[in-house]
Amino acid sequence: MQLQTSWIFPVTRRGWLFLSLRMIFLVVAPIASMLWYMLDVPGESSGTVSALATPIEQELAVRLRQHVVTIASKEHNTRTPRALRETADYIDAELSRYGYKVEKQVFQADDETVWNLEVEIKGTSTPDEIVIIGAHYDSAHGSPGANDNGSGTAMVLELARRFRTARPERTLRFVLFTNEEPPHFSTTAMGSLVYANRSRARKENIVAMLSLETIGYYSDAPGSQRYPIIFKPFFPDVGNFVAIIGDLRSRELVQQTVSTFRKSSHLPSEGIAAFPWIKGIDWSDHSAFWTNDYRALMITDTAIFRYPHYHTKDDTPEKLNYPHIARLFSGIRVMVEELAVLPKPAAMQIRAGAR
């Protein structure tokens, strides 16, 4: 028996089945291929982490907590300009105490004078190639911002402290940005966009930018982790890991840093290189560097997809897991060493000048 779709083109049942399967394959195969391309990262994530910290991690956890308490015990943004200046002054004083010369990038926002803070270690062999480690130090309106982003700011300070005597091959910069939070996000008053625009205007060769964003909250409870619906089947529902996130152009950088992290840290980790339009992928300062055609990624606890106090008055210092942030420090430290300091195998290098 035949099915007659028209008086011209008779199709058998087997023919319809073949056409249907072919259409399904033509639709599903590209989607599966793209998902594999976005989700494929090297190495295996660690399992759960012991609650016991090493003596070095305990000491680091104390310093991290001190930074967060000082930076993020009260709201600090252009709506509270005095508190924002006090936070910037603390960061300036700490970096100066480590022996750096702090540069300020001053600009205007909401009729207030604000600034980004930058310190630099000049590269010894390829100084024109620049690696940036950055975080924003302002808080959302109505929030003290302990996790978002006192945690990231504290990490940048401790990394700067760790590398203060280093002699990297590439130039290494630690930058603290203002005005990442709404209403400035993705506007001309966003601190990281002001900075990245200037870098592009100067034709600076930024080969990698790591944005440390909301990195302090972890949970072993089932169901503690959520995702944009497209990624839900592929990742764990337990929020005990750190996420390393880039756009598709930064896929090589994501793969290198995930591989490095998984070899050097016992903290669970997940990685992805995805389209910027997917919810949450571009929600931090790395997006300003994508806009300027630089390769950049975000290191995060996934913020709103895990943290119950995101952008609220309850985002306070006692909510954070400082031993876990200290464990995260170890992996990021090795990332920075491989990107900027230590000789790297040719196959793992980020191509100099790649845009």
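Over the ring of which residue does the charged end of Arg306 sit? It is the ring of Phe241, with the charged end 4.8 Å from the ring centre; a charge counts as sitting over a ring if NZ of Lys or CZ of Arg is within 6 Å of the ring centre and within 35 degrees of the ring normal.

## Basis of the model

This is a predicted model, in which local features need pLDDT of at least 70 and side-chain atom pairs count only at pLDDT 80 or more, while totals for chains, interfaces and linings use all residues. Residues are numbered from 1 along each chain as its sequence is written, and side-chain values use heavy atoms, with hydrogens and water left out.

## Overall architecture

The secondary structure of the protein chain comes to 8 helices and 10 strands, where helices (H or I, at least four residues) and strands (E, at least two) are DSSP runs numbered from the N terminus. Of its 355 residues, 56% count as buried, a term that means under 20% relative accessible area, with exposed meaning over 50% and partly exposed in between (1.4 Å probe, protein chains only).

## Nonpolar cores

A nonpolar core is a set of buried Ala, Val, Leu, Ile, Met, Phe, Trp, Tyr and Cys residues joined through side-chain atoms within 4.5 Å. The largest one has 70 residues, and those with the most contacts inside it are Leu95, Ile133, Phe174 and Leu328. Helix H8 (residues 322-341) supplies the largest share of this core, 11 residues. Apart from it lies another core, of 28 residues, among them Met190, Phe235, Ala243 and Ala288.

Phe174 touches several residues beyond four places away in sequence, including Tyr100, Leu117, Ile133, Val156 and Phe163, contact here meaning heavy atoms within 4.5 Å.

## Aromatic rings

The structure holds 10 aromatic pairs, and rings of Phe, Tyr and Trp (its six-membered ring) pair if their centres lie within 6.5 Å, with planes under 30 degrees apart counted as stacked, over 60 as edge-to-face and the rest as tilted. One of the pairs joins Phe231 and Phe235 edge-to-face, at 6.3 Å centre to centre and with 75° between the planes; Phe231 and Phe235 are both buried. Phe177, Tyr195, Phe289 and Tyr294 form one aromatic cluster, and the charged end of Lys104 sits over the ring of Trp115, 4.7 Å from its centre.

The 17 residues of helix H2 (residues 55-71) should span 24 Å at 1.5 Å a residue, and its end C-alpha atoms are 25 Å apart, which agrees; the expected span is 1.5 Å times one less than the number of residues. The buried residues of H2, among them Leu60, Leu64 and His67, pack against helix H3 (81-97), H4 and H8.

Helix H6 (residues 251-264) reaches 20 Å from its first C-alpha to its last, close to the 20 Å expected. H6 is mostly covered, with 10 of its 14 residues buried, and Arg251, Gln256 and Arg262 are among these buried residues.

## Loops and backbone details

Ser143 lies in the loop between strand E5 (126-136) and helix H4 (146-162) and is buried, with a relative accessible area of 2%. The side chain of Ser143 reaches the backbone oxygen of Thr312 at 2.9 Å.

A cis peptide bond joins Asp148 and Asn149, with omega about 10°, and Asn149 is found in helix H4. Asp111, in the loop between E3 and E4, has a positive phi of about 60° although it is not a glycine, and Asp111 is exposed, with a relative accessible area of 79%.

Terms used
Polar contact = N/O pair within 3.5 Å; in protein donor to acceptor, adjacent residues only side chain to side chain.
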